[in-house]
Amino acid sequence: MAGLLHPISGLDHVVAMVAVGLWGAVLGPPALWLLPVAFPMVMALGGGLGLLGVPIPGVEIGIALSGMVLGLMVLLEIRAPLMVAAALVAVFALFHGYAHGTELPAGGNPLLYSLAFVIATGSLHLLGILLGETRRWPGGRRFVQAAGASVALVGLWFLLRALR
Amino acid sequence: MNPHPTLIGPAPLGSSLGWPVAWPLVWPLAHLVPTGLGPWGDGIAQLVLQPTPLLLVVGLVLLAAQGGAASCDRLPLLIPGAWLLGGLLGLGLGAELLQALACTALVTVIGLLTALGVRLGPRAFLVLGAGTLIPVALVAGSALAGHPGALAALLGQVVAIAVLTALLVPPLSPPQPRWRAVGLRVVGSWITAAGLLMLAWLARHPQ
């Protein structure tokens, strides 16, 4: 359970994960599935760095920026080229993974924990994709943009807090 | 000191070197949990509680499903057969070696190939499948060596893996709708991510 709960324990993480799915839905295929495929793998790399204690500066700022930037992408419906979108999401995934990696508990079954952790993250992406798919419905586009604005505001709040 | 006092059955390497030394090498595959169902049930329970081999089986089925029907057709024989062969080798040779890091790395590679959407021909898949299953089964088998009823436990594992393979192959076999093909890659990325985290975890907590 700890692995499942960990990714949803921080609002800054949750909104960024959902925003990845939202932006994927805005971009459409193949970004729709490429971003959720790339994110957990790079996040795990970051988690590994965190576990190993490799220093990465500005992690909290990076996490806050991820929410703000991804939220703006959704709000403004920015259709970045696939590689740019993947690279941006990958950089942010590194920060999120690093933060999670430094907080992973030493006890328990690490494989089950890791699996649960990754599945929870993927579920948040899926939630974002499902919310993003409401763009097909009347009013859905505005709803998704509002969701993007909310994510951006949460990101901004965490950014100001990190810079304080 | 045994870091998992509720579990029994350290591998022979663990017995000879002592848990503090052997634990980081063998523990992801090394424990037999008494289920009350005898060695057969203990072998199956080991797969559930220490699921590295199951991840490998799932990853291989996903990879085969991406490769085509010919690869899928061989899975019900390839996977249990390779597991039986590797497990018997492990029972005979005893523990050694590569162990957890190598096994986790193999699982990670299979997940990565799936996430990248790599399509392997039947022959290449056969080589890759056997080349990953046999070493992992060897390690798992070596962890069983020395336990009473080790062969029954191994056979329990083989049957459980055969059943799992038989359940997974039909719904995943080509032709697949597009959403399912995407799902395969997503699950592959999850297996890769879990494997990467495990590798770092093993490196971080050597004791």
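Helices (H or I, at least four residues) and strands (E, at least two) are DSSP runs, numbered from the N terminus. Read in that way, chain B has 9 helices and 0 strands, and its elements run α-α-α-α-α-α-α-α-α from the N terminus on. The model is a predicted one, in which local features need pLDDT of at least 70 and side-chain atom pairs count only at pLDDT 80 or more, whereas totals for chains, interfaces and linings use all residues. Residues are numbered from 1 along each chain as its sequence is written, while chains are lettered from A and ligands numbered from 1 in the order in which they are written.

Chain A has 7 helices and 0 strands, in the order α-α-α-α-α-α-α from the N terminus. The radius of gyration of chain A, taken over C-alpha atoms, is 15 Å, close to the 15 Å given for 164 residues by the globule rule (2.2 Å times the number of residues to the power 0.38), so chain A is as compact as a globular protein of that length. Along its principal axes, the C-alpha trace of chain A spans about 50 × 35 × 25 Å.

Confidence is expressed as pLDDT, the predictor's confidence in each residue, from 0 to 100. Chain A averages a pLDDT of 87, and 94% of its residues score at least 70. Among the elements of chain A, the lowest mean pLDDT, 66, belongs to helix α1 (residues 2-5), and the highest, 93, to helix α4 (residues 59-75). Where pLDDT is low, the predicted coordinates should not be read in detail.

Burial is judged by counting C-beta atoms placed from the backbone: a residue is buried if 20 or more others lie within 10 Å of its own, exposed if 12 or fewer, and partly exposed in between. By this count 52% of the 164 residues of chain A are buried, and buried residues make up 53% of the 207 residues in chain B. Contacts are defined separately, as pairs of residues whose C-beta atoms, placed from the backbone, lie within 7 Å. Among contacts between residues at least 6 apart in sequence, those joining residues at least 24 apart make up 89% in chain A and 82% in chain B.

The interior can be followed through its nonpolar core, a set of buried Ala, Val, Leu, Ile, Met, Phe, Trp, Tyr and Cys residues joined through C-beta atoms within 7 Å. The largest such core has 113 residues, of which Ala19(A), Trp23(A), Val74(A), Val61(B) and Ala194(B) touch the most other members. Leaving aside its neighbours within four places in sequence, Val74(A) is in contact with Ala19(A), Leu22(A), Trp23(A), Val26(A), Val144(A), Gln145(A), Ala147(A), Gly148(A) and Val151(A).

Where the two chains meet, 21 residues of chain B are in contact with 21 residues of chain A. Helix α9 (residues 178-204) of chain B supplies the largest share of chain B's side, 16 residues. That side divides into 15 nonpolar residues (Ala, Val, Leu, Ile, Met, Phe, Trp, Tyr, Cys and Pro count as such), 2 charged (Asp, Glu, Lys and Arg) and 4 polar (the others, Gly among them).

Two helices, one from each chain, can be compared with the expected span, which is 1.5 Å times one less than the number of residues. Helix α3 (residues 31-52) of chain A has 22 residues and reaches 31 Å from its first C-alpha to its last, close to the 32 Å expected. This helix, α3(A), is mostly covered, with 19 of its 22 residues buried, and is followed by Gly53(A), whose phi is positive, near 80 degrees. In chain B, helix α7 (residues 122-144) has 23 residues and reaches 32 Å from its first C-alpha to its last, close to the 33 Å expected; just after α7(B), Gly146(B) takes a positive phi of about 95 degrees.

Helix α5 of chain B contains Pro76(B), which counts as partly exposed because 16 C-beta neighbours lie inside 10 Å. Not counting residues up to four places away in sequence, Pro76(B) touches Ala162(B), Thr165(B), Ala166(B) and Val169(B). The C-alpha atoms of Pro76(B) and Val61(B), 15 residues apart along the chain, are separated by 9.7 Å. Gly81(B) also lies in helix α5 (residues 69-93) of chain B and, with 17 C-beta neighbours inside 10 Å, counts as partly exposed.
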